[in-house]
Structure formats: C-alpha cells, structure tokens
Amino acid sequence: MKKIRLLLITISLCLLSLAFFTGCTPNLSKPTNLKVTVASQVLSWDKVNGAVGYMVSINGEEKTTTGLSYSLVNLKAGEYTIKVKALGEGKHYKDSDWAVYQENGKDTFTRAEESGLTYKLINNKTEYQLVGVGTASGDVVMERWFRDKPVTSIGASALANNSRITSLVISDTVTTIEKRAFYNASGLKSVVIPNSVKSIGENAFQSCRALTEITLPDSITEIKEFTFSYCRALEKITFGNNLKKIANYTFSDCNALTSVVIPNTVTDLGEYAFSGCEGLTSVTLGTGLKEVKNYTFYNCYALPSITIGSNIETIGKYAFSNCKELTSVIVPDSVVSLGEGSFYKCEKLQTVKLGSGLLEVGAFAFQDPKL
C-alpha cells in the first residue's frame, strides 16, 4: 500500500510539473517590418526566430504560410485590414500576438482599382509599359499611373490578336505606341489617342477590322507603313495639324473609307497609301504635296472625282489606275509629268483637262488613247 501511495504522489508531481512548465511556454515575438511591395503587390515581413509558420488574416479570413511573404494581387479594389502572426509549435513557443499592417498611419491596406491590363517595368524600373491584355475586356481606360509609377508606352504586339477589348482610352502619360501594338485586335471599335503620343509604330492598328473612326492628335508628324491598313470598317480619319508624312500602305484596303482630305502640312504621301480603298468617293490633295507616288490610289473603284493640289509636279505610275468611276480629271499647271498608267483602266473617264506645264506623259497614262 505504501508503494502504491508513493507511485500516485510521483505521478501527481509529474502532472503538476508538466502543467507548470506548459503554462510558462513563452509567446513568439510579433512579426515586424510589415510592408507591401507596390510593383508586385506582395506583403512581406521579417523572420521570427522559432516560428514554424505564419498566419495572415485579411478582413478576418485566415491563411497560413511557411514563407515570409503573401501575394495580394488577387484582391479586388477596396480597403482591407491585414494582420500577421507567427506560429509556434506549442512545446517551446506559443503563437505570437497579431502584427497589424499600417498604411499612411491607418490600420488598412488600399487596393487600387486596376483595368486588368498587363504592364512591365522599364527604364531602370522608373516607369511602366503596357505589354498584354491580361484580364481586361470591353470598354477599357488605361491607367495613367500603375502601382505608383507612370505608364509611358504601349509595347510591340501588346494587344495584338485580342478580341475582348472593344474600346480603349489611351492615357495621356503615353508617348509611344510601338509596332503591331494593336495588330488584328478584331474587337476594337474605337480608340482615343491623346496628344501626348509622339510616335506610332508600323502596323500598329493593321487589321483592326471593327475600328470605325480614328482621330490623330497634333503631336503625330508621321504615320508609318501599314499603320491602319486592312481596317475594313474605318469610315472616317481626322488628321492632326502637324502631320508631314503618310508612309507606304498606311491606309490600304480600308474599304469603308469614303472621303480623304490630305492636309496642306503633308509633304510626303507614300506609295499604295490608299490603294484598294474601294468605297472612297472623294479625295482632296493638299498644297504641301509635290508628288503623288506610284499606286497611291490604285484600285479605288468608286472614286468619281479628285482635287489635285496646285503644287503637285509629278503623278506617279498607276497612281489612279483602275479608278473605274472616275469621269473627269483636271491636271493643274504645276504638273510636269504623268507616269506610266497613271489613269489606266479608268473606264468611265471622259474629260481630261491637262495643265500648261505638262512635259511628259507616260505610256498607257489613260485607258483611251484619244483622251
């Protein structure tokens, strides 16, 4: 009996000792240096010695992680209360108290509204470039600033071949639209290009077959090759006041285009610039032009008349060839040369008035040699 009492006393002392030591298990230290990296939208904190993991609470919803960071990129726009605590294993350390993330002196994190477009840092990580459609769709307004840095350009092929975006307002921080940026963006019906844009690359809007209207700002001095070619729904173009050059094939095969007025500021109109514009019914060439180049208005089937600028000296090869509805042409005195086939296959052409300065008429300049 004595031995049994001694054993019970021993067991009791062990249990009391275990309870004592368990009750004295210390708490881990709270995580410190909670911060959000704006570019990546990642929450991070410093390591807590002895922690086996961490718990992150976002508006009361708790998630565990073994790392020292947690992505916030999937949060919707709004304000959030974010807390982090270190997790102990229970034997040597208990969980820490909550550490609360603070922003501008408040216990909240603000997730800004974003369009869903994809950006990347450029220029030593000082600014952003639009590089992809991301999750954006419908009518989209680009960010002027993205995660505390300006958006300054639209990258090559950034929104090419997408069908989800129907309209886009380009931010007034953008200065450059690179080549093929919107190539074959089949759903794009309208785009607003601000005066901040100084350069638009080759093929930038080629084959945007739903685009109906384009207004180019005064900041654009050159439209490069194939920029708007095959925009088959394009009905109206408004040129800026400082445009000097329209390059080769710029508006070729824009079938819905009905009227073109080339500004007096334009001094260079490229080959095939408006070729294949089958719906074109009115063309006015500005006084800044000295030359209509080869094939510029080739295959503009519906064109009934043209106004040739008073300073044009040369009309190139097949410049107006196959303009089947053209009935009359007045060639001003400034023109000294009509190129080969310049009005060839203009089957309805009945009246041609040639200017006094004409010195050279190329072979097959007109369909009917009697003209």
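## A cluster of phenylalanines

Ring pairs join F182, F205, F228, F239, F251, F274, F297, F320, F343 and F366 into a cluster. Rings of Phe, Tyr and Trp (its six-membered ring) pair if their centres lie within 6.5 Å. By this rule there are 21 aromatic pairs.

The model is predicted: local features need pLDDT of at least 70, side-chain atom pairs count only at pLDDT 80 or more, and totals for chains, interfaces and linings use all residues. Residues are numbered from 1 along each chain as its sequence is written, and side-chain values use heavy atoms, with hydrogens and water left out.

## Two stacked pairs

Planes under 30 degrees apart count as stacked, over 60 as edge-to-face and the rest as tilted. F226 and Y249 are stacked because their ring centres lie 4.7 Å apart and their planes meet at 5°. The pair links distant parts of the chain, 23 residues apart. F226 sits in the loop between β20 (222–223) and β21 (236–238). Y249 sits in the loop between β22 (245–246) and β23 (259–261). Strands are DSSP runs (E, at least two residues), numbered from the N terminus.

F226 is partly exposed, at 22% relative accessibility. Y249 is also partly exposed, at 28%. Buried means under 20% relative accessible area, exposed over 50%, partly exposed in between (1.4 Å probe, protein chains only).

Y272 and Y295 are stacked too: 4.7 Å between centres, 0° between planes. Y272 lies in the loop between β24 (268–269) and β25 (282–284). Y295 lies in the loop between β26 (291–292) and β27 (306–307). Y295 is partly exposed, at 21%.

## Charges over rings

A charge sits over a ring if NZ of Lys or CZ of Arg is within 6 Å of the ring centre and within 35 degrees of the ring normal. The charged end of K83 sits over W98, 5.0 Å from the ring centre. R180 lies over the face of Y183, at 4.1 Å.

Methods
Helices (H or I, at least four residues) and strands (E, at least two) are DSSP runs, numbered from the N terminus.
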